[in-house]
Amino acid sequence: MNSFDISTKIYFGDNALDRLVEIPYKKVLVITDPFIEKSGMLALVTDRLQQAFIDFEIFSDVVPDPPIEKISIGVKALLDYDPDCVVAIGGGSAIDSTKAIREFATRANGKQIAMIAIPTTSGTGSEVTSFAVVTDVQNNIKYPLVSDSMLPTEAILDAELVKSVPASVTAATGMDVLTHAIEAYVSINNNEFSAALAEKAIEICGTFLLRSYLDNNDTHARKKMHVASCLAGLAFNSASLGLNHGIAHAIGARFHIPHGKANAIVLPYVIEFNSGINKHSKSHKEYPKCVEKYCNVAKLLGVNNFNEITTIRALVGWIQFMSKEMNIPLTMSQCGIEKREYMNAVESMAEKAIADACTATNPRVPSKAEVCLLLEHMYEN
Ligand SMILES: NC(=O)c1ccc[n+]([C@@H]2O[C@H](COP(=O)([O-])OP(=O)(O)OC[C@H]3O[C@@H](n4cnc5c(N)ncnc54)[C@H](O)[C@@H]3O)[C@@H](O)[C@H]2O)c1
Ligand SMILES: [Fe+2]
């Protein structure tokens, strides 16, 4: 038996932030990062809370790729303040930190509190997922915590907040959206509901990602990408992800490469691996099932070709074209990582990628040796 539900109520469109004036909570802990606090974006939240006479406190100690230590500090802040709602405003790091802080606080005192997630990047979809990615700095491990109890109560998608996102972050987070949608689409847990959401997200990325990268003031493109990020989040919340995210987490934890950028580098290699197109197939029937799905992805992006192999190649070429246009490196060597250091880390990264919860739903079960080979190839191709 299968089921599908969207537990998080989504407010979107112009002035969506005004929802904050109507919320039924009395005491709110606002969680964010120092940049959002200083940028004036936080005031868009706190002004509305003041307008509604809601008491609030601010915890702005979030850092990218949230380490467990910072989450413990946040848990203490939450338990001390004892709010009935937490509001997360920021990128995936702020939203994931808030989910983990709320989860651990609830486990400590048993009190259920509401959560409102307000993304300021169009990338992770974390506002509608039961995933929170945390980092164990000592052991260089980034791992997803997964529990439905972490789902935010409400999400507010107001594209006004993404206007200030720098081009490099638009590029990385946008490729994260595309990777979520593609991995959900080919996941062994995919279903008609997740597929519909993923297809729409892929279609929007094809039309609007480059536009929003090239022109900060293209409000229409930014609004579309903000919705695509959420659609892709809903898709992978149902279907989960795959090896691409498993490898990106391992690389991100070891070499501190932004999550979306790591995904973008890995994506062509994982598509080729899953499709088995580097092997010589004797007949049409020998293509793995996911090849048909990748061909659908290519069709949605307008790059399908006259047979499966050329279509997969066109898809890989399109992804590399997007990365080049958006100044994302194509290989790990282009990220400035020293070869010896990288090669020495390959085996341990492969082990972590295989152990990552996301890898379990990849359409092709990878062996450690295969992941090592993929990691070696993506160093300089
Ligand atoms: N929970 C999930 O389902 C899920 C899915 C994918 C990724 N993630 C995780 O989310 C994290 C990445 O999140 P992210 O890509 O949104 O980046 P991020 O939250 O780390 O933010 C990246 C940078 O952009 C800045 N920023 C955020 N909003 C801005 C704005 N409007 N204007 C200018 N600068 C802004 C931040 O201050 C930060 O310096 C990683 O830890 C990743 O593993 C979680
Ligand atoms: Fe991601």
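How many of the 20 residues of helix 5 are buried? In this predicted model, 18 of them are buried, and helix 5 is accordingly described as mostly covered. Helix 5 comprises residues 167-186, and its end C-alpha atoms lie 29 Å apart, which agrees with the 28 Å that its 20 residues should span because each residue is taken to contribute 1.5 Å.

The chain is divided into two parts, with domain 1 covering residues 9-164 and domain 2 covering residues 168-380. The centres of domain 1 and domain 2, taken over C-alpha atoms, are separated by 27 Å, and the contact between them takes 27 residues from domain 1 and 30 residues from domain 2. On the side of domain 1 that touches domain 2, at least two residues are supplied by each of strand 1 (9-12), strand 6 (131-136), strand 7 (141-146) and strand 8 (154-157), and strand 7 provides the largest share, five residues. By class, this side of domain 1 has 13 nonpolar, 10 polar and four charged residues.

Around ligand 1 there are 31 residues, of which Gly91, Gly92, Ser93, Thr120 and Ser126 come nearest. Two or more residues of this shell are given by each of helix 1 (34-39), helix 4 (92-109), strand 6, helix 5 and helix 9 (259-275), with the largest share, four residues, coming from helix 4. At the level of domains, the shell around ligand 1 draws at least three residues from each of domain 1 and domain 2, and its residues divide into 12 nonpolar, 15 polar and four charged.

How values were computed. Residues are numbered from 1 along each chain as its sequence is written. Chains are lettered from A and ligands numbered from 1 in the order in which they are written. This is a predicted model: local features need pLDDT of at least 70, side-chain atom pairs count only at pLDDT 80 or more; totals for chains, interfaces and linings use all residues. The expected span of a helix is 1.5 Å times one less than its number of residues. A residue is buried if 20 or more other C-beta atoms lie within 10 Å of its own, exposed if 12 or fewer, and partly exposed in between; C-beta atoms are placed from the backbone. Domain bounds come from an automatic or database domain assignment. Two residues are in contact if their C-beta atoms, placed from the backbone, lie within 7 Å. Ala, Val, Leu, Ile, Met, Phe, Trp, Tyr, Cys and Pro count as nonpolar, Asp, Glu, Lys and Arg as charged, and the others, Gly among them, as polar. A residue is near a molecule or strand if its C-beta atom, placed from the backbone, lies within 6 Å of it.
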